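Let me put the model up and we'll walk through it together.

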Amino acid sequence: MALHIFNTLTRRVEPFVPREPDRVRMYTCGPTVYRFVHIGNLRSYLMADWLRRALLAEGYAVQHVKNITDVGHMRQEMLDRGEDKMIAAALAEGKTPADIAAFYTAAFLRDEERINILPATVYPRATEHIAEMVEIAERLLANGHAYEVGGNVYFAVSSFAPYGRLSGNLPRELLEGVRAEADPLKRNPADFALWKAAEPGRTLKWDSPWGPGFPGWHIECSAMSIKYLGPHLDVHTGGVDNIFPHHEDELAQSEACFGPPFVGYWVHGQHLLADGLKMAKSTGNAYTLDDLIARGFEPLDLRYLCLTAHYRARLNFTFAALRAARVARWRLQQRIWDWVDVANSAPDGPVLGPSGEAARERFWAAVRDDLHVPRALGVVWQMASSDLAPGEKLALVRDFDRVLGLDLTRDVAARPKVPADVAALVAERAGLRARRAYGVADALRERARAAGFVVGDAPWGMRVRPALRPDALVGCFSTARDVPSRVDEPPARELSILLHVYGWRADVERCVASVLRAADLGACNGEVVVVDSQSERDDGWLDELATHEPRVRVLRPDHPLGEGEGRNVALKQALGRTLVLMDTSVEATGDFVTPLLAALADDAIGVAGPWGLRSHNLRQFEEATGGEVDAMQLYCFAFRRERVGEIGLMDEKFRYYRHVDLDYSFRFRDRGYRVVALPDLPLVRHEHRGWEELSHEERDKRSRRNFYRFLARWGTRYDLRVPESAQHSG
Ligand code: AMP
Ligand code: ZN
């Protein structure tokens, strides 16, 4: 079967037949280089890259042109109004538009390289092709498809009968009134500019037969594609937003100039979305590749993620999805490294057997079927789990990676080495397992794990591989499970104050400011760890605070977490010797830390805090003023971090705050620790939003759920209750 591809022009999946038998002329609408490209743009270029690689795999020589829209396109009005802050700032610094374009061009080429996009044969710059654009406009004037008015040249849409064929937008029906500002110089509102006269004061302008001016929006792609590829291209790619007006107009002016067909196959990629909307700088939902790298991802994680969706389907970007891509890519890479080990020890070259051949057929059939890379990726995974010999698998993956472009076999030499001490642990473990001493063997495996290596038992023997270190992924996690635990690390600080917040900025500000002041966190080397479960409600002020205030750390899940889980994120990441869980309704009015630390210095005391509770029946709890209590409330709940290893993390099934503190208190008491209330700590409580903001029904529902969970666990263990005598001695 030949390669088939969906052609926007015919709205059908068609067999691909280039004009010349073994050569493909391909054009891709490239980036605008007065800003960084975002990962949505990159998705479009990845689609073009997969198509190009598929064509190469078919044996075609591909000439690929990708234009760089540099300053020629930059609209003076936009600069004048300072709409793009980055450009305005650069201009203010004395940079020229050409400097700006050079900077972002370099950034773009670097991004492409990092995600393994094959470099285009030519990257023509718009400003270097003004003469070619003028020439096309002149030809169109000469052959009656364009007209000039006051230094402007317009394409007369009515002169080109097939106009609208690509996008389905017919000029008369759809275009009237579409433009925001109707241009009174146009004969027909659907006409578009090939050349525009420079308005007074404009700096970016070129001489032309019609006076000084600048090119229209679409002419550059016609001029540059035709210059480098001739007037008849095989493939033209872009994102779906390019179909109209950009490609419709490009098609019209090119064919009106040089005759049809301008392009054999128009291929358009669907958008990358974020929060359900097209990713775009102007929408404010755009991420750059560097943004992902800053969050600990590798560029090829994005490539893998984009492989998981067909190019004609929208893809909603989330960090959870990107993380899944990262993990999948990592797992695949690990398997391949395992095959390398085995294949190396079996020196006979790989010969594909019938099932290997069948896998290869399936893979390439998916690629040829309208570039169905997700299905092809599925074949990779099937093949990986099949019982093909490792050498065969390796040969297949080398073949497949020509189109996938994931560098799956390139880094074999660079794979992390297993250090000698870990290798020794693993060898010892193998011996223990042979003697069926599984308990000790498992303990050794845990030690290897702590050293960053995973030990697995493959059919052909034991394998050791580096664990995927998720540490760097904090800041884009979905669940507490994604957050690495630092509980076993020695304390790096004296104190950590842990908050879980759901918005209510004023409360958070009051609490954090008062804690920073009162607890004198600097002197005791303390930190405030904020788990922000409601980032979309604010404007990033917390991040800003954390940037200026090194004692504050913000951890942000990609959706709101329940109370137990949110607290656990903080517990796993806190580095203080003593931890204080607090609520943002609390304000510190003095040094509350010193008395807490003093109380916790007593080994018998597990939990200390100001607002303890007592109960006779586990159903009603009364606030106690001081002394030993049954439980401590989460408003301020302090304990030593070293206890977490013993007590464990909080129960994440408690999604609402109520009873999670009672449950956690009881866990301390279950281990024999005492819970004490310190009556006079300088802390005050304000309105508690977690309670106030909910309807009666909602509070009831959530409280009841937690209450039953609590009672089911502790109700039968009444003996945990503090003896009456102790209760009154405080
Ligand atoms: P622009 O810089 O807006 O001209 O976009 C450059 C390329 O990226 C064009 O081919 C667009 O169609 C494409 N593009 C823009 N936004 C997205 C998006 N969110 N997802 C996929 N492609 C996009
Ligand atoms: Zn273009």
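This is a predicted model: local features need pLDDT of at least 70, side-chain atom pairs count only at pLDDT 80 or more; totals for chains, interfaces and linings use all residues.

Residues are numbered from 1 along each chain as its sequence is written, chains are lettered from A and ligands numbered from 1 in the order in which they are written, and side-chain values use heavy atoms, with hydrogens and water left out.

So, Ala624: buried or exposed? Ala624 is buried, at a relative accessible area of 8%. You'll find Ala624 in strand β23, residues 621-624; helices (H or I, at least four residues) and strands (E, at least two) are DSSP runs numbered from the N terminus. Leaving out residues up to four places away in sequence, Ala624 touches Pro610, Gly612, Leu613, Arg614, Val629 and Ala677, where contact means heavy atoms within 4.5 Å. Ser496 sits 128 residues from Ala624 along the chain, and their C-alpha atoms are 25 Å apart.

Now the cores. A nonpolar core here is a set of buried Ala, Val, Leu, Ile, Met, Phe, Trp, Tyr and Cys residues joined through side-chain atoms within 4.5 Å. The largest one has 81 residues, and those touching the most other members are Phe16, Leu51, Leu55, Leu292, Phe317, Phe363 and Leu404. Helix α1, residues 39-57, gives this core its largest share, 10 residues. There's also a second, separate core of 42 residues, with Val569, Ala574, Leu618 and Tyr664 among them. Back to Leu404: setting aside neighbours within four places in sequence, Leu404 contacts Trp50, Arg303, Leu307, Phe363 and Val380.

On to helix pairs. The axes of α15 (residues 420-434) and α16 (residues 438-450) come within 8 Å and cross at roughly 165°. Axes are lines fitted to C-alpha atoms, for helices over the stretch in contact, and angles run from 0 to 180 degrees between N-to-C directions. Under 35 degrees counts as roughly parallel, over 145 as roughly antiparallel, 65 to 115 as roughly perpendicular and the rest as oblique. That's why α15 and α16 are roughly antiparallel to each other.

What about α22 (residues 660-670) and α24 (residues 696-714): at what angle do they cross? Roughly 15°, with the axes coming within 10 Å, so α22 and α24 are roughly parallel to each other. The contact uses Leu662, Asp663, Phe666, Arg667 and Asp670 of α22, plus Phe710, Arg713 and Trp714 of α24.

Phe244 and Pro245 are joined by a cis peptide bond, omega about 0°, and Pro245 lies in helix α8, residues 243-258. The bond from Pro260 to Pro261 is cis too, with omega near -10°; Pro261 is in the loop between α8 and β10 (263-269). Leu371 isn't a glycine, yet has a positive phi of about 60°. Leu371 is in the loop between α12 (354-368) and α13 (373-385), and counts as buried at 2% relative accessibility.

Definitions and conventions
Buried means under 20% relative accessible area, exposed over 50%, partly exposed in between (1.4 Å probe, protein chains only).
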